[in-house]
Each structure stands twice: as structure tokens, then as C-alpha cells.
Amino acid sequence: MLVTIENVSKIYDTSQKRVEALNDISLSIHEKEFVCIVGPSGCGKSTILKMIAGIDHATNGIIRFEGEKVNGPSVDKGFIFQDYALFPWLTVRKNILFGLEMANTPSALKRERLEEYLYLLDLEKAADLYPSQLSGGMKQRVAIARALCLKPKLLLMDEPFAALDPFLRQKLQEELLRIWKAENITFVLVTHDIEEAIYLADRIIVLTSSPGKVNDVISISMPRPRLRTEEHFIQTRNKIVDLITPLSVFQTSYI
């Protein structure tokens, strides 16, 4: 098992109130699996991701990575933020190499990794451009390349395509699957988009509203590439919609 989350709760204490974000979460993530986490806004999806990464810490319970307790960030766990988090004063090339340079990686290995991921993410022609010169899709690809350059065993993604238009979003979903297969590592992605989760995931973790608890874990057995118009795809979407939003509140029917 790559990641285990055991009876984890998270409470935020502010000057105004005490907020319970997560309550008694237990789940596991296998090696080379593609997992998506969905749920209502504010249910703690991003908090789970940050705790796995070691950016945030549980109030109660324990998170293990490869059997060891997570105490902080590590190069084995890559993290991609929704806003890309690129350095605007660095070129694409320098952004991708940033982590390797901080780790004092030998020059030959840096060149090898750079060429590998410029090619894999189709960024070769953009290598000397700055983030301000890139489209949203290209910025996201740079962020993915920067994370992969460190050869993590786990890549954590917090709504990486939320700000993109639907056409580009679908294109990058396909690209993400291609990268996942090529890199043979574990992906965990937080998303509000139920169709995106069904299209990408081996398993979908569905959380309740705040405080977040595990409502259901749904295995997706459909072969890839998946058709969004296929009956089982639509049935799975309807099931997740019903889990996230009670019919008494949400009356729209998906057919």
C-alpha cells in the first residue's frame, strides 16, 4: 500500500470559531493507481491532499506513505496547485528545473530530465518563454513537468484544470492519462467535476459535506478510453450526483 489514512480528523481553530474540516477519515491508495476525490464544496478534499503531501497535518489520526508516518513534504510526493504556482521571473526551462537545482542535481542529469519532460509535455518550443507568455493549458503542463522532473512516486493534484475552458480541459485530461501510463506512478486528483473523475480514475472517493467523511468509494471498471455518453458512465455519474447532492435539493435529471 502506498498511502494509508487511518482515522484522520482535521480541526482548524481560528480567532472566531472552531471548524471541523474532516471527521474520522480512513482510506488507502495503491501503487500505480489513479484516484480521484470528489465531494461538496468545503468538505475537506484539498485538506486531505495537503496532509498526504505533508503540507498540512492531521489533528487526530495518522497518515502513512510507504508505511512511514508523513511528517512533512518530500521529493517522493509531487504537488500541483490549482493556480500553477509558477515563478513569473523564470522561463519554462528554469521553472521545470527549479526543484532539481534546489536539490543540487548534477548538470548532466538536469539536462536529461529537462529534455525528457519538455518532450513528454510538448513544451520544447516554449522552453525559453515566461509564464506570462503562456496559455492556461501550457502553464499547467509546465507545472506537471516541474513535478515529474523530480521522479516522485506519488503525484497529488488539486483541481489542476478548474480554470480551463471545457475543450482544453478534456484535451489535458487525455494528456494526463497518457503521462500517468508513461510514468507508471500513482496519481491522486481532487476535482469538482464528476465526469472528469469518472473519465480518469480507477477509484473515486466520495466525501460527505463538512465535516468531510468517506461517503462511498466507487471502483470504475470501464476500459479506457471511456465514452462519456456510454450508459455505465452516465449511471455512475448519476450515482455520484445523488451521493453528493440529495434529490430534495438538486432536482436536475441526467439522461
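Here is a quick tour of the cysteines and salt bridges in this predicted model. Residues are numbered from 1 along each chain as its sequence is written, and side-chain values use heavy atoms, with hydrogens and water left out. Local features need pLDDT of at least 70 and side-chain atom pairs count only at pLDDT 80 or more, while totals for chains, interfaces and linings use all residues.

Let's start with the cysteines. The structure has 0 disulfides (a disulfide being a pair of cysteine sulfur atoms within 2.5 Å). Take Cys43: the nearest cysteine sulfur belongs to Cys36 and is 13 Å away. Cys43 is buried at 0% relative accessibility (buried means under 20% relative accessible area, exposed over 50%, partly exposed in between, with a 1.4 Å probe and protein chains only). Cys149 is buried too, with a relative accessible area of 0%.

Now for the charges. There are 15 salt bridges in the whole structure, each a side-chain nitrogen of Lys or Arg within 4 Å of a carboxyl oxygen of Asp or Glu. Here are some of them:

| Salt bridge | Closest N and O atoms |
|---|---|
| Asp56 and Lys10 | 3.0 Å |
| Arg203 and Glu33 | 2.5 Å |
| Lys94 and Glu101 | 3.7 Å |

Asp56 and Lys10 link distant parts of the chain, 46 residues apart. Asp56 is buried at 17%, and Lys10 is buried at 9%. Arg203 and Glu33 also link distant parts, 170 residues apart, and both are buried. With Lys94 and Glu101, Lys94 is partly exposed at 38% and Glu101 is partly exposed at 31%. Elsewhere, salt bridges with shared partners join Glu116, Lys151 and Glu183 into one network.

Technical notes: Helices (H or I, at least four residues) and strands (E, at least two) are DSSP runs, numbered from the N terminus.
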